[in-house]
Amino acid sequence: MLAEAPLLIRAGVSLPLRIRARGARIEAFVDGRQAVDVTDTRHTRGRIGLNVFGGRAAYQDTFVTAL
């Protein structure tokens, strides 16, 4: 685990999630607000994955772009 961001989101509410990874820095934004800002030198390239612990989530319109 790189970071935790405890968020309370009501069921049925859709919020945009944006993740930006530049080198060792990883930032996550939920509804335009920064939820995670972490540095991890172990994972500077590779694949992406999305997961939810202790709840459910649905993802749509997911894409990756180069910075």
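Where is the place of D40, relative to β3 (33–39)? I looked it up, and D40 is in the segment after that strand. Strands here are DSSP runs of E with at least two residues, and helices are runs of H or I with at least four, numbered from the N terminus.

Ground rules, jotted down before going on. This is a predicted model, where local features need pLDDT of at least 70 and side-chain atom pairs count only at pLDDT 80 or more, while totals for chains, interfaces and linings use all residues. Residues are numbered from 1 along each chain as its sequence is written, and side-chain values use heavy atoms, with hydrogens and water left out.

Back to D40: buried or exposed? I got 5% relative accessibility, so D40 counts as buried (under 20% relative accessible area, with a 1.4 Å probe and protein chains only).

Next I checked its partners. The side chains of D40 and R42 are joined by a polar contact of 3.1 Å (N or O atoms within 3.5 Å, one able to donate a hydrogen and the other to accept it). Setting aside neighbours within four places in sequence, I find D40 in contact with L2 and A24 (heavy atoms within 4.5 Å).

Then I zoomed out. The protein chain has three strands and zero helices, in the order β-β-β along the sequence. Its C-alpha trace spans about 35 × 25 × 20 Å along the principal axes. I noted that 12% of the 67 residues count as buried. Among contacts with a separation of 6 or more, 27% come from residues 24 or more positions apart.

Technical notes
Buried means under 20% relative accessible area, exposed over 50%, partly exposed in between (1.4 Å probe, protein chains only).
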